[in-house]
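User: Hello! Could you walk me through some side-chain contacts here, one question at a time?

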Amino acid sequence: MQLIDGKNTAAEIKAEIAEKVAARKAAGKKQPHLAAILVGHDGGSESYVANKIKACEECGFRSSLIRFESTEEAPLQEKTLLEAIARLNADPDVDGFIVQLPLPRHIDEQRIIEAIDPAKDVDGFHPTNVGRQSIGLPCFHSATPYGIMELLRRYGISPRGKQVVIVGRSNIVGKPLAAMMMQKGSDADATVTVCHSATPNLADVTRRADILVCAMGRPGFISADMVKDGATVIDVGTTRVPDATRKSGWRLRGDVDFDTVAPKCSFITPVPGGVGPMTIVSLMRNTLIAAEQRD
Ligand code: NAP
């Protein structure tokens, strides 16, 4: 069994991006600029945004954080958020931006996503980018699946001709990953099955996978009997579970029961340190592309 080290791979990619940014600077081109909108004080969102800002520093990017408060007594008006998005769309200095999800329930997330200029949508969530991706046109790829494809590529694990089973059909992981995996071309060409909560006999399906991707948000759900001998297992799940030994009182756990599944695999990603760092680095790759397109 070989561990797929997303942390080290992400560090390598950030170093490659930093070199390209230095070359841009030497050529008199502007520093890529990523902006992030953060609403409220959700612990997970705070730490994701902090990690994205840190990654910007490591890549030599400029970053801006736009914060909005939203409480039950004083909820943020959707209009205020839409105005902030319009300003970022129009700002020639901003190459790309993200609105950190989830948003408070009273805000229509889809309306917010669709307000972002597709040319600055470095999360790849706008329907224009999703649609272009599904028919294989140049676009901003959704960051998590983009990171998974790059991780496989760098470990020499080709999906070509393989049975790929994805458990989870969300718009940010399962669906865009399925589209990438089934694309015609040497980096993809997989036979893809997507499972969800209405899939009967899930274990029968997952056991057929040469590459099994788990994106459910159900900690430890995938057990050894659900995995074929020699499979590659990619664990996207990141759920905070109580852990009294940690100062924080919690730790991150994936969807895969790592200790029992790992001995059966040819390759497996850990949680943390697998897919997570690759998601952030994909956002950096998209931001560099956005800056290059605006040169
Ligand atoms: P989501 O929108 O909640 O989707 C979960 C998917 O799992 C749904 O399609 C659901 O089916 C399916 N599912 C849930 N229980 C199932 C079961 N018992 N059997 C079969 N399918 C089941 O989640 P998401 O946003 O894709 O995120 C999934 C996990 O990945 C979460 O832990 C999240 O924190 C993590 N994540 C990590 C990263 C990263 O960078 N590491 C990025 C994004 C997400 P239905 O559609 O039928 O409800």
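This is a predicted model: local features need pLDDT of at least 70, side-chain atom pairs count only at pLDDT 80 or more; totals for chains, interfaces and linings use all residues.

User: Is R246 buried, partly exposed or exposed?

Analyst: R246 forms a salt bridge with D243, with the closest N and O atoms 3.6 Å apart; a salt bridge is a side-chain nitrogen of Lys or Arg within 4 Å of a carboxyl oxygen of Asp or Glu. R246 has a relative accessibility of 44%, so R246 counts as partly exposed.

User: How many salt bridges does a search of the whole structure find?

Analyst: One of them joins R153 and E150, at 2.9 Å from N to O, and both residues lie in helix α6, 3 residues apart, about one turn of the helix. Helices (H or I, at least four residues) and strands (E, at least two) are DSSP runs, numbered from the N terminus. For the whole structure, the search finds 22 salt bridges.

User: Which residue forms a salt bridge with D95?

Analyst: D95 counts as buried, at 2% relative accessibility. D95 sits in the loop between α3 (78-90) and β4 (96-99), and its partner sits 65 residues apart, in the loop between α1 (6-26) and β2 (33-39). The closest N and O atoms are 2.6 Å apart, and the partner is K30.

User: Why is the pair of Y155 and F267 edge-to-face?

Analyst: Rings of Phe, Tyr and Trp (its six-membered ring) pair if their centres lie within 6.5 Å; planes under 30 degrees apart count as stacked, over 60 as edge-to-face and the rest as tilted. The structure holds 1 aromatic pair. The ring centres of Y155 and F267 are 6.4 Å apart, and the pair is edge-to-face because the planes meet at 75°.

User: Over the face of which residue does R240 lie?

Analyst: A charge sits over a ring if NZ of Lys or CZ of Arg is within 6 Å of the ring centre and within 35 degrees of the ring normal. R285 lies over Y146 in this way, at 4.2 Å from the ring centre. R240 is 3.8 Å from the ring centre of W250.

Key:
Residues are numbered from 1 along each chain as its sequence is written. Side-chain values use heavy atoms; hydrogens and water are left out. Buried means under 20% relative accessible area, exposed over 50%, partly exposed in between (1.4 Å probe, protein chains only).
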